[in-house]
Amino acid sequence: MQVKKAIFPVAGLGTRFLPATKSTPKEMLPLIDKPLVQYVVEEAVASGIEQILFVTGRSKRAIEDHFDISFELESLLYDKGKDAELSQIREIADMINIFYVRQKQALGLGHAILCAKEFVGNEPFAVLLGDDIIDAEKPCLGQLLEVYRKYRGPVLALEQVPMENISSYGCVKANTISERVFEVVDMVEKPKREEAPSDLAIIGRYILTPDIFPILERQEPGKGGEIQLTDAIKKLANDEAIYGCRFEGIRHDCGDKLGFLKATVDMALKREEFNGEFEAFLRQRLGVCRTQE
């Protein structure tokens with residue numbers, strides 16, 4: 001069965017970006033001229049996803065508005081003859097079929113996935129976390145889907161990270177199948193460096209099957225009183241093979257202020273419209289900083 005549905009958990013409060021996220025969803029923070037969440041939706045669309053479900057919370061209305069039709073704005077752009085901008089705005093609303101459900105309590109990622117049970121039905125599905133913006137020639141989710149089509153089991157996105165940073169991630173113990181594909185035999189959530197089974201970190205892209213839902217329904221809250229998705233996947237691994245895909249591409253952690261800044265610089269340097277001016281500015285600015293040291 002093909003993967004045509006995706007879940008976007010977006011109910012988090014984004015406290016690391018306060019005060020900017022006091023009234024604006026973190027997912028709507030602009031990376032140059034597009035909100036973070038649009039980059040991830042575009043990745044899903046490019047990977048062949050046909051329907052997505054946003055698992056939202058209070059104060060997330062701006063996400064719905066962004067992917068909706070804006071009659072007033074479209075009328076204004078039409079009257080002013082701004083055809084390029086009008087086309088761009090219409091493409092956002094027509095991009096994909098979107099559904100919404102509320103996560104009424106902040107009970108963790110596993111609970112957010114459980115909120116999507118009725119939407120998913122009896123189909124395999126994708127999960128995409130908006131903090132991870134992945135710049136790749138072939139969409140990261142598309143790479144995972146290739147692994148799923150071959151092995152017909154859940155797939156986790158993996159990235160090699162420096163061991164000094166591994167305690168910030170869930171990581172896997174895995175057997176190598178090929179250069180970029182692994183069979184996951186165990187997972188550890190944010191281990192100490194000396195206890196980490198590998199340097200392969202779990203990143204915010206997943207392909208899962210409906211078999212995860214009965215596990216999530218029975219699961220007791222874990223660390224922080226939350227229902228952890230990693231714990232549920234570990235239990236699922238007792239009954240079926242779990243695979244990992246070490247994707248090709250550059251990941252930007254936009255859930256972190258420094259990562260967000262790095263992503264902004266990286267994306268700006270690739271934009272032809274700036275015609276090298278931004279790079280020249282950076283070189284000049286860095287030169288001034290070195291002179292002042």
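Strands β8 and β12 run parallel and are joined by four bridges, and this pairing opens a briefing on a model that is predicted. On another side of the pairing pattern, strand β10, which covers residues 181–189, is also joined to β12 by four bridges, but these two strands run antiparallel.

- Within the parallel pairing of β8 with β12, V155 stands opposite Y243 of β12.
- Within the antiparallel pairing of β10 with β12, F182 stands opposite G244 of β12.

**Nonpolar cores**

- The largest nonpolar core holds 49 residues, and the members that touch the most others in it are F8, I49, F54 and I207.
- Apart from that core lies another one, made of 30 residues, which include A112, V127, M187 and I242.
- When neighbours within four places in sequence are left aside, F8 is in contact with V40, V41, A44, I52, L53, F54, V55 and L128.
- As general background, nonpolar side chains in soluble globular proteins tend to be buried together.

**Helices α3 and α4**

- Helix α3 (residues 71–79) packs with helix α4 (residues 83–93) at an angle of about 160°, and their axes are 8 Å apart.
- Because angles over 145 degrees count as roughly antiparallel, α3 is described as roughly antiparallel to α4.
- The residues that make the contact are L73, E74, L77 and Y78 on α3, together with E85, L86, I89 and R90 on α4.
- The crossing in which α3 passes α4 is left-handed.

**Backbone details in loops**

- In general, most residues other than glycine have a negative phi, and most peptide bonds are trans.
- The peptide bond from L18 to P19 is cis, with omega near 5°, and P19 has its place in the loop between β1 (5–9) and β2 (30–31).
- I32 has a positive phi, near 65°, although it is a residue other than glycine, and I32 lies in the loop between β2 and β3 (34–35).

**Two individual residues**

- H111 is found in helix α5, which covers residues 109–114, and H111 counts as buried because its relative accessible area of 15% is under 20%.
- Once neighbours within four places in sequence are set aside, H111 is in contact with Q103, Q105 and I227.
- E164 has its place in the loop between β8 (155–160) and β9 (170–176), and E164 counts as exposed because its relative accessibility of 53% is over 50%.
- E164 and I32 are 132 residues apart along the chain, and their C-alpha atoms are separated by 31 Å.

Key:
Residues are numbered from 1 along each chain as its sequence is written. This is a predicted model: local features need pLDDT of at least 70, side-chain atom pairs count only at pLDDT 80 or more; totals for chains, interfaces and linings use all residues. Side-chain values use heavy atoms; hydrogens and water are left out. Buried means under 20% relative accessible area, exposed over 50%, partly exposed in between (1.4 Å probe, protein chains only). Contact means heavy atoms within 4.5 Å. Two strands pair if DSSP finds at least two bridges between them. A nonpolar core is a set of buried Ala, Val, Leu, Ile, Met, Phe, Trp, Tyr and Cys residues joined through side-chain atoms within 4.5 Å. Axes are lines fitted to C-alpha atoms, for helices over the stretch in contact, and angles run from 0 to 180 degrees between N-to-C directions. Angles under 35 degrees count as roughly parallel, over 145 as roughly antiparallel, 65 to 115 as roughly perpendicular and the rest as oblique. A crossing is left-handed if the near helix is turned anticlockwise from the far one by less than a right angle, and right-handed if clockwise.
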